[in-house]
Amino acid sequence: MRTLLRNRKALVGFLIIAVIVIVAIAAPLLTQYDPAARTGRPHQPPSLDHILGTTRIGQDVFARLIYGARTSLAVGFGAGLLITLVGTALGIISGYRGGKTDEIISFFTNMVLVVPNLPLLLVLAAFIGQASPLVIALILGATSWAWGARVTRAETLSVKHKDFVKSAEMMGEPQWRIMTFEIFPNVISIVGINFIGSVIFAIITEATLEFLGLGDPKAISWGTMLYNAQKASALSVGAWWDILTPCFALALLGIGMSLLNFAVDEIANPQLRTGNHLKRWSLLVRSGEGRL
C-alpha cells in the first residue's frame, strides 16, 4: 500500500475515483432537484438555476448525473467484484488441484472465451427485454470471468511449486487452507488488476447496453442519460450539455480506473519499473563524471 500511494498514477487515479464516489454518496446534499421530475423548460441551457442545463422533458441534468453515478458505480463495482470472485476462485482451484478438476474448469473457461462477449451480452439483454441494472450486473458477472480465471490459473501454476507451498503440504495442511492462505496472497496483484479492469469493462458495457435501448429506461444512470439524449436528438438541436455530460463522466471515471490499473501493473511487474532505475543510474553516472 505504501508503494501504491507513492505512485503518482495511483494517487491521481484514486483521487478521481474518490471524488466521483463522494459526489454520488452526497447527491441529496448537492442538489435540490428530483432527477426524475420536470424542473425546468425543455433543453434549457446551463444557468445558475440549472448548472448543467435540462433534458428534453425539463429534467435537471446535474441531478441526473450525480444520482446516475450511484447506479453506474454500483453496477461496475458489483459486477467487477462478482467477476473477480468467480475468476479468482476457479483459477486458483484449477491451477492448484490439476488433473480432472483442471480439465473440467479449463473446458468451461475455453468455452466462455471462444464466445464473443459483447454479442452474447446483446443477445441475453434482448432476450430478457428491458434489463434492470441489477440484471445487467448479474449477466456481466456470469459471462466475463473467463479471462481472470485463465490469468489466475497461470500465476497459480508458478506459485504452487514454491518452497512455502511444499512445506505446507508436508505439514499436512488442508488444500483449502493452502489455496486461501498460501497461494491467494501471492497472486493478489493479479487479482487487483483483474478487479480494476473488470470494473471498467462493466461500467462501459452497462452504458453501451443502455445506450442501445436494452436497459430499463426508467433507471437513472449514465447509460440511460445517453439513450435519452440520443432519442431526443440532443446534438441536432444544439443541446450539447445533454449528451456530453454523461460522456465526460464516463471518460473521467475510465481515466481514473485506468491510472490505478497502470499503477498496480507497474508495482506487480518489476520490468515496468526499469525506467525509474535507469534514470537514477544515469543521474549517478553524471554526478560521478562531474566529480571527475
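## Nonpolar cores

The largest nonpolar core of this predicted model holds 29 residues, and I20, W222, L250, L253 and M257 are those with the most contacts inside it; such a core is a set of buried Ala, Val, Leu, Ile, Met, Phe, Trp, Tyr and Cys residues joined through side-chain atoms within 4.5 Å, where buried means under 20% relative accessible area. Two or more residues come from each of α2 (8–25), α4, α11, α12 (222–231) and α13 (240–268), and α13 gives the largest share, 9 residues.

Leaving aside neighbours within four places in sequence, I20 is in contact (heavy atoms within 4.5 Å) with L73, W222, L252 and L253. Apart from this core lies another, of 12 residues, among them V75, A125, A137 and I139.

## Helices α4 and α7

Helix α4 (residues 61–97) packs against helix α7 (residues 133–143) at an angle of about 25 degrees, with the axes 8 Å apart. That makes the two roughly parallel, a term for angles under 35 degrees, and their crossing is right-handed.

From α4, T71, V75, A79, L82 and I83 meet P133, A137, L138, L140 and G141 of α7; these contact residues divide into 8 nonpolar, 2 polar and no charged, with Gly counted as polar.

## Position of G197

G197, which lies in helix α11 (residues 188–211), has a relative accessible area of 29% and is therefore partly exposed, the class between buried and exposed, the latter being over 50%. G197 and M257 are 60 residues apart in sequence, yet their C-alpha atoms are 7.8 Å apart in space.

## Basis of the values

Residues are numbered from 1 along each chain as its sequence is written, and side-chain values use heavy atoms, leaving out hydrogens and water. Local features need pLDDT of at least 70 and side-chain atom pairs count only at pLDDT 80 or more, while totals for chains, interfaces and linings use all residues.

Technical notes: Axes fitted to C-alpha atoms, helices over the stretch in contact; angles between N-to-C directions. Helix = DSSP H or I, 4+ residues; strand = E, 2+ residues; numbered from the N terminus. Parallel < 35°, antiparallel > 145°, perpendicular 65-115°, else oblique. Left-handed = near helix turned anticlockwise from the far one by under 90°. Buried < 20%, exposed > 50% of the residue type's maximum accessible area, 1.4 Å probe, protein only.
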